[in-house]
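Here is a short briefing on backbone geometry and helix packing. Start with the structure below.

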Amino acid sequence: MREPAEGLTVVVADDHVVFREGLTYILDDAGFRVVGTAGDATTAAHLVREHQPDLAVLDVHMPGGSASALVRRIRQDSPSTRIAMLSMQPSTHKITELEELGIAAYLSKVVDAATLCSVLTAAVHSSGGGAIRVTPGVADAGSPQVSLRDGDRELLLHIAAGRSNRWIAQHQFVSEATVKRRLADIYRELGASTRAGAISRAYQLGLIRDEGRTPPGEH
């Protein structure tokens, strides 16, 4: 079975050369195919229009224009491209603003490489319903007391990896209806209403991380 990230095309844009090159290496190593890199918003927009990639991974603060203007332009020029924003100092206001424009993910630059790749994969395969947020240290609306059943973390890992309900059902030898029912229970327990919301909460609470490994002592 092909891994969900394999072959997904990406444009990477960040004005810090070392970070941009490091991110490109991480994505290539994880199976993404980086088709272009940029150091400013104008070049990033041109590359997305040229390549029509599956994903654009963009720094929030770059020369050449605002993040909001860049997102609007990409959404117009390449509607199928999913957009993930990276920031060193995420703010709730900026996340909300960009989410309303249709981004698929918003991540802090302090996340580890495995989490980054997992979230980007999920962002490409998600079907809307808000952005996946992985922003350690940013205030959020209270963490729920979570009580997950056996197998629930595995389901969370599958949806974070971008796998469909049909894929999960086939590999767990259950019906799609069963998968949907179990996911609805998980969403309710996490206080989420969408895949993006559930994935965001799961990362925030430490329920999933490091490409499929649950936190120590929770196997």
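Helices and strands here are DSSP runs, numbered from the N terminus; a helix needs at least four residues and a strand at least two. The model is predicted.

**Positive phi in loops**
- Most residues other than glycine have a negative phi.
- Gln-52 is not a glycine, yet its phi is positive, near 50 degrees.
- Gln-52 lies in the loop that links α2 (41-51) to β3 (55-59).
- Because its relative accessibility is 35%, Gln-52 counts as partly exposed.
- Phe-173 also has a positive phi, about 60 degrees, and is not a glycine.
- Phe-173 sits in the loop between α7 (165-172) and α8 (176-190).
- Is Phe-173 buried or exposed? Phe-173 has a relative accessible area of 76%, so it is exposed, the cut-off being over 50%.

**Packing of α7 and α8**
- The α7 and α8 axes come within 8 Å and cross at roughly 110 degrees.
- Angles of 65 to 115 degrees count as roughly perpendicular, so α7 is roughly perpendicular to α8.
- The crossing of α7 past α8 is right-handed.
- Which residues meet in this pair? From α7 come Asn-165, Arg-166, Ile-168, Ala-169 and Gln-172. From α8 come Glu-176, Val-179, Lys-180, Arg-182 and Leu-183.
- By class, the α7 contact with α8 holds four nonpolar, two polar and four charged residues.

Methods:
Residues are numbered from 1 along each chain as its sequence is written. This is a predicted model: local features need pLDDT of at least 70, side-chain atom pairs count only at pLDDT 80 or more; totals for chains, interfaces and linings use all residues. Side-chain values use heavy atoms; hydrogens and water are left out. Buried means under 20% relative accessible area, exposed over 50%, partly exposed in between (1.4 Å probe, protein chains only). Axes are lines fitted to C-alpha atoms, for helices over the stretch in contact, and angles run from 0 to 180 degrees between N-to-C directions. Angles under 35 degrees count as roughly parallel, over 145 as roughly antiparallel, 65 to 115 as roughly perpendicular and the rest as oblique. A crossing is left-handed if the near helix is turned anticlockwise from the far one by less than a right angle, and right-handed if clockwise. Contact means heavy atoms within 4.5 Å. Ala, Val, Leu, Ile, Met, Phe, Trp, Tyr, Cys and Pro count as nonpolar, Asp, Glu, Lys and Arg as charged, and the others, Gly among them, as polar.
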